[in-house]
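User: I would like to go through this structure with you. Could you take my questions one at a time?

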Amino acid sequence: METTAPVAFITGAAKRIGATLAKQLHQQGYNVLIHYGASKHEAQALALELNMQRAHSAHILQANLCDMGEIDVLAKEALEVWGKVDILVNNASSFYPTPVGSIDEKDWHSLVGSNLKGPLFLSQALAPALIKSKGCIINMVDMHIDRPLPNHTVYLLAKTGLASLTQSLAVELAPHVRVNAIAPGAILWPERAMSEKDKQTLIDSIPLGALGSPDDIAQALLFLVSASYVTGNTIYVDGGRRLHSNASA
Ligand SMILES: NC(=O)c1ccc[n+]([C@@H]2O[C@H](COP(=O)([O-])OP(=O)(O)OC[C@H]3O[C@@H](n4cnc5c(N)ncnc54)[C@H](OP(=O)(O)O)[C@@H]3O)[C@@H](O)[C@H]2O)c1
């Protein structure tokens with residue numbers, strides 16, 4: 001299929017923040033490639049919703065981003081849909097605690113795979129297409145990239161690696177492709193259970209006094225997509241939490 005619309009490819013876009021990013025880009029006129037891992041029904045429902053608004057404007061693609069073979073196939077399939085990619089949003093992520101003493105290779109595989117290896121090899125596979133379209137890459141990192149998050153060593157080393165990758169790619173793919181990152185603070189509670197007390201402690205550490213919303217992340221994304229002289233940068237969307245003395249709670 002050919003399209004005159006620009007094409008945005010968002011990983012982990014079936015639900016939560018990724019789904020909002022897909023919807024907002026779609027609203028701006030992008031055709032969207034909605035990648036998912038396990039959330040097939042949510043991905044299908046989102047694509048249906050967007051295709052009802054504009055026919056043939058959303059397409060779903062499945063892959064486990066920890067698997068090199070699947071990443072390669074995913075990149076090929078993405079390019080087969082509309083023949084191009086203008087924006088790659090590396091949003092997919094696994095997130096769970098790994099206290100030192102309990103870390104095993106499975107944690108490394110899952111957390112580094114989804115948060116760093118997937119983005120690196122997907123960016124590499126799509127680089128020729130992004131160069132051709134003079135496109136951009138946006139990596140979802142975390143406000144904790146420059147301060148520890150207790151019990152999350154493996155997740156955080158992967159996100160810190162992704163922040164480093166952002167800068168390396170910004171230099172290496174310039175001047176054709178801009179590469180930036182967004183560092184969210186507390187936007188949505190993790191899917192695993194959290195006590196009300198822990199939630200309140202966290203909210204108390206946010207200068208702006210509340211969680212952010214996926215729309216706050218989308219706002220930063222839309223800025224970065226259109227900011228033609230910005231590359232290698234990270235925008236913190238964290239309500240000021242990185243400045244708080246209790247930011248590692
Ligand atoms: N939520 C927050 O407050 C917050 C705070 C800081 C940073 N961030 C970052 O912002 C981004 C979006 O956050 P979120 O909370 O919306 O993310 P999320 O729900 O934790 O994860 C997004 C999606 O990633 C996909 N995924 C995970 N491992 C995968 C794998 N191996 N292969 C393929 N897909 C995989 C899952 O897709 P399926 O469900 O289809 O399997 C999941 O739905 C993430 O990069 C996150 O680290 C979020």
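User: At what angle do the axes of H4 and H5 cross?

Analyst: In this predicted model, the axes of helix H4 (residues 105–133) and helix H5 (residues 153–172) cross at roughly 10° and come within 8 Å. The two helices are therefore roughly parallel to each other, a label for angles under 35 degrees.

User: Which residues of H4 and H5 make the contact?

Analyst: Among them are Trp108, Leu111 and Leu120 of H4, and Tyr155, Leu162 and Leu169 of H5; contact means heavy atoms within 4.5 Å. The residues of this contact divide into 13 nonpolar, 3 polar and 2 charged.

User: Turning to the ligand, how many residues surround it?

Analyst: The ligand is surrounded by 28 residues, and the closest are Arg16, Gly37, Ala38, Ser39 and Ile187; a residue counts if one of its heavy atoms lies within 4 Å. Helix H1 (16–27), strand S2 (31–36) and H5 each supply at least two residues of this shell.

User: What lies 2.7 Å from an oxygen atom of the ligand?

Analyst: That is an N or O atom in the side chain of Arg16. A backbone N or O atom of Ile17 lies 3.1 Å from a ligand oxygen, and a polar backbone atom of Leu188 is 3.0 Å from a ligand oxygen.

User: How much of the ligand does the protein bury?

Analyst: The protein buries 86% of the 890 Å² that the ligand exposes when taken alone; accessible areas come from the Shrake-Rupley method with a 1.4 Å probe.

User: What are the conventions?

Analyst: Residues are numbered from 1 along each chain as its sequence is written, and side-chain values use heavy atoms, with hydrogens and water left out. Local features need pLDDT of at least 70 and side-chain atom pairs count only at pLDDT 80 or more, whereas totals for chains, interfaces and linings use all residues.

Definitions and conventions. Axes fitted to C-alpha atoms, helices over the stretch in contact; angles between N-to-C directions. Helix = DSSP H or I, 4+ residues; strand = E, 2+ residues; numbered from the N terminus. Parallel < 35°, antiparallel > 145°, perpendicular 65-115°, else oblique. Nonpolar A, V, L, I, M, F, W, Y, C, P; charged D, E, K, R; others polar. Polar contact = N/O pair within 3.5 Å; in protein donor to acceptor, adjacent residues only side chain to side chain.
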